[in-house]
Amino acid sequence: MTEAMIACKGVHKYYGDYHALRGIDLTIRAGEFFSLLGPSGCGKTTLLRTIAGFEDISQGVVLIDGRDMGDVPANKRPTNMVFQSYAIFPHLTVAQNVAFGLRRDPRSKADKAAAVEEALTMVGLKGYGARSAHALSGGQRQRVALARALILKPKVLLLDEPLSALDRKMREQMQVELIKLQRQVGITFVLVTHDQEEALVMSDRIAVMFEGEIAQLDGPEALYARPATRRVADFIGVMNFLPARILSESASTVTVEVAGLGQVELPERQISRADPDDDGPMIGFRPETMTLLGPGATHSQPRETDATIDEVVYYGDMTYYDLRLDGAEALDGKARPVRISMRNVFGRDVQEVGTRTRLAWSPGSLVLFR
Amino acid sequence: MAKFDAEARAGLSLIAPPFLYAALILAAPILTILAYSFLTDGYLEIIGDFTWANYAQVFTDPIVRTVMLRSLMVAAIVTLATVLTAFPIAYYVSFMVRPERKAMWLFLITIPFWTSYLIRVFLWKVILGYNGVVNSSLTGLGIIDEPLTFILYNVNAIVMTLAHAYAPFAILPIFVALEKIDRSLLEAGRDLGESRAMTFWRVTLPLAMPGVIAATLIVFIPTIGDYVTPEVIGGGKIPMIANLIQVQMLALDNRPLGSALAVTAMVIVALVSLLFLFLNRRFLKVRQ
């Protein structure tokens, strides 16, 4: 395992009576692209600002590169930040903005100018140095903010929802550029985002936060396939939930009766925690893990279930079907639609609303939340 | 001449009432003064002969020069003192006061306006005078034996009084400029390695400059022509340009010379203001 760049140990933060961070324990490895993901108000930005030194912590320790940051003010920390609003100085040119942090740099003026030009080239703004900062577009501002931070060669680059103000195309482009940039410079990136897709695309590891606590810390694939709690499952991607009843338990497996899907036996690794306010156990599965069968189609999946198509949403590359599983209301009397996504393949027709159809699936794709 | 289209006519008819109003209350008196300044003074009457004599006198008379220079100097010192004391107050209200209390602070700052300017000036006389609050307190406490004279009937007293009177005019524009500064810019300054003091110097101050310039002009322009304070606080012994104009206009009944003085003062103020604006554009690169 690589060394720890940032370590938070038992970090608490109170704003008056409000408990914003509730005992954060976290290790971020050197050189990794780490994301703090959660809905607004979950404390992710507070945690980032705590690392940057803009917020005092009420309790606990923050270490950066092995050094306790307790008495280190923001301007002395080996971190630099890309602010949500980019915080580009409006009274300076692009080059002056990028060179802002170089005041005490002992290099000559010419060397600094070369470094600025190099940093601008790295973010794709070569030749923009003389422009006035307020003549820039949102995407360009963000690049300036990146260049301004990276020119100082920080140990950690902190990014506070840097892409939230950009339009979709630009955002996707910047995601790829940020990943490439991170690989190129090898600096530890810590990204704060509320966009689960963005976190999945960009990160090596993700900490999902709810209400000031880390609910799960994992790589993107593990987070998507094996969410630790039902809340994480609900927050990341789309997941269908069906009520379940536990029939029997053995040392390593649980057998449940699932509304609409029948009896399944699940091993330990497919079992996660339910939410405190859940009524009872639930079974979850992702829309793409089940296959909608056309008339007469065969399949190699172990299980098959009959269903009726309630709604069809066509996306071009994908089609989403909202289905009613036969017997879905058996357990609690409520009809629950489930959403299945199918990649559209040439020669396979999109099925119509009202059609009786069949679903092929495997118990291996189910997660039990209890 | 091109014919006005419907839109232009609508626009003109919209601005016509304020334009007329401005012409009546602004342009008419100024033009009257301008006209007077080229007329000849007779005994108790004005003779309608064109003359440059008034301006010749304004530019050659050593008294006028002394008073004009004094006015400029007093206005400059007052402006400096006012802006320098207003900045920390504006900064405090903008950065330290909780948002929900800011309105109350601004309200308190403007409270002196509730009192007549004349009364405030007289009160300063009560505070600064020979047997005033400051002197009697200090002598009573045994700190000084003789009343302080450097705050009596002189330029210092005028500067103090004017700086207090115009403080809100300086605080408010600086406050507005500070309020407009995105707070994340200050965090960015710190994040990029600068201390609070350097962040203030490199970020806050440049971004507050439009407010500082506005404050400077707002204080400088009226103080140079202030009449009441030199009259009351200065005891009439150290006249400024407005007092000289008053003497010519009313006491000596020489309206043409008074008008020439007024026009000259106006032009000088305008030139100084323009020079100031120009220097700021040139060297401080104030852009927002």
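Before anything else, my cut-offs: I call a residue buried under 20% relative accessible area, exposed over 50% and partly exposed in between, with a 1.4 Å probe and protein chains only.

I'm working on a predicted model, where local features need pLDDT of at least 70, side-chain atom pairs count only at pLDDT 80 or more, and totals for chains, interfaces and linings use all residues. Residues are numbered from 1 along each chain as its sequence is written, chains are lettered from A and ligands numbered from 1 in the order in which they are written, and side-chain values use heavy atoms, with hydrogens and water left out.

**Entry 1: B:Ala86.** I started with this residue, which sits in helix H3 (residues 62-96) of chain B. Helices here are DSSP runs of H or I with at least four residues, strands are runs of E with at least two, and both are numbered from the N terminus. Is B:Ala86 buried or exposed? Its relative accessibility is 1%, so B:Ala86 goes down as buried. Next I asked what B:Ala86 is in contact with, leaving aside neighbours within four places in sequence. I got B:Ala167, B:Ala170, B:Ile171 and B:Ile174, where contact means heavy atoms within 4.5 Å. I also checked B:Leu172: 86 residues separate it from B:Ala86 in sequence, but C-alpha to C-alpha they are 8.7 Å apart.

**Entry 2: chain B as a whole.** I count 13 helices and two strands in chain B. Its C-alpha trace spans about 75 × 70 × 35 Å along the principal axes. The chain has 288 residues, and 39% of them are buried. Of its contacts with a separation of 6 or more, 67% come from residues 24 or more positions apart. For charges, Lys and Arg are positive and Asp and Glu negative, with His and the chain ends not counted. I place each charge at NZ of Lys, CZ of Arg, CG of Asp or CD of Glu. Chain B's 20 positive and 17 negative charges have mean positions 9 Å apart.

**Entry 3: chain A as a whole.** Chain A carries eight helices and 21 strands. Of its 370 residues, 49% are buried. The C-alpha box is roughly 75 × 50 × 35 Å along the principal axes. The accessible surface is about 17,000 Å², and 48% of that belongs to carbon and sulfur atoms. I find 44 positive and 47 negative side chains, with the centres of the two sets 8 Å apart.

**Entry 4: a sheet in chain A.** What is the strand order in the open sheet of four strands? I read S2-S1-S4-S5 in chain A, with antiparallel pairing; two strands pair if DSSP finds at least two bridges between them. Strands S2 (18-29) and S5 (67-68) of chain A are at the edges with a single partner strand each, so one side of each has no neighbour in the sheet. Helix H1 (residues 44-52) of chain A packs on this sheet, touching S1, S2 and strand S4 (59-64), and its direction makes about 65° with that of S2(A). Axes are lines fitted to C-alpha atoms, for helices over the stretch in contact, and angles run from 0 to 180 degrees between N-to-C directions. Nine bridges join S1 (residues 4-15) of chain A to S2(A), and A:Cys8 has A:Leu26 as its bridge partner in S2(A).

**Entry 5: a hairpin in chain A.** S9 (residues 205-210) and S10 (residues 213-218) of chain A run antiparallel, joined by five bridges. A:Ala207 has A:Leu217 as its bridge partner in S10(A). Two residues lie between the strands of this hairpin, and there A:Glu211 takes a positive phi near 45°.

Definitions and conventions: Areas by Shrake-Rupley, 256 points an atom, 1.4 Å probe, with all protein chains shown as cover.
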